[in-house]
Amino acid sequence: MLPSRIVLCFSGLLLTAGFAVGQTYSNGVAALVQGKPITKSEVRDTVKAQEQILMAMYGGTDPERMQREIAETRATALDALIDRELILIEFTKIGGVIKPQYVDDQINNIVREAFKGDRDALVTELAKGGMSIKKFRDMQEKNIIASVMRSKKTGEMPPATPKEVEEYYNKNVEKWRVGDQVKISTISIPKFTGETGATPDSQKKLAQEIRSKLLKGGDFATLARSYSQDSRAEFGGAWEWMPRTELDPMIANTAMSLKTGGVSEVLDKETSYIIVACDAKKLGEAPGIEKVRGDIQKMIQQEKSKKAIDDWMAELRKKAVIRKF
């Protein structure tokens, strides 16, 4: 039976194989990898199949995630298929073989997770995009090969050493610390004011000018009362003590990274530019390293695995002849 870590990779593998809509390639070929073509129809088929799976999985429960992952799929299409082709070439070199049962398990897993066990629903969705179950099966076989080869590169890595665990803990202790509180002041400059001549670019320039005045010794409260347009402007931008978890994550992370009295870069939020000052902070408590040692070991292993695969892929790309059209 196919190892669970390989079966569960199907989403990630497919997510990286999308198609940039509207892109055209000469003679129906998107790229050549060591002389082997990746056709634009192959790219379209791959992304279409994944889009249908994403729609089935998230269309009725989490449409925002569905759209986000579809966009990611399309944006990384060609490079992902090029990487997969490089891996398939390496697999062929070593005389690798994938058992048909592995492919069956992969497809059964997709049917169970995305289509609630209804295989006919999968076939129907594929048919809407003009894809046969045979072509879908071939696609899954290639994805499994890519997963197996990646796993081979990371399967024999040594476990994290006690020193690595300690260093990781000290560097990332805030991940486990609870009860952080921070006292901040803010200056908020709206991107859209309705005033003639005011644009997001001009407003950003204004925010940057205000920050420059602060760095030269300007009084934060005075500048906040003059320019800021948020609920704390009349108080000189000052906020009361707040738990870190109750603040916007970007603002909280920025404030906690500053020294007391420090001023942030101009933060680009959806509707405004914000300057944050850290007036004071109280750090919460973190569990002892022994309580999180297992989590840290997993995190270190994941980082090592990613680096090993990234380095391997970089080497394959460097040695290969790749042409994109």
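## Strand pairing around β6

In this predicted model, strand β3 (residues 181-190) pairs with β6 (residues 272-282) in the antiparallel sense over ten bridges, where two strands count as paired if DSSP finds at least two bridges between them, and where strands (E, at least two residues) and helices (H or I, at least four residues) are DSSP runs numbered from the N terminus. Within β6, Ala280 is the bridge partner of Lys183. Residues are numbered from 1 along each chain as its sequence is written, and side-chain values use heavy atoms, with hydrogens and water left out. Because the model is predicted, local features need pLDDT of at least 70 and side-chain atom pairs count only at pLDDT 80 or more, whereas totals for chains, interfaces and linings use all residues.

Strand β5 (residues 267-268) also runs antiparallel to β6, joined to it by two bridges; Asp268 has Tyr273 of β6 as its bridge partner, and the two strands form a hairpin with three residues between them. Strand β6 is mostly covered, with eight of its eleven residues buried, that is, under 20% relative accessible area with a 1.4 Å probe and protein chains only.

Technical notes: Buried means under 20% relative accessible area, exposed over 50%, partly exposed in between (1.4 Å probe, protein chains only).
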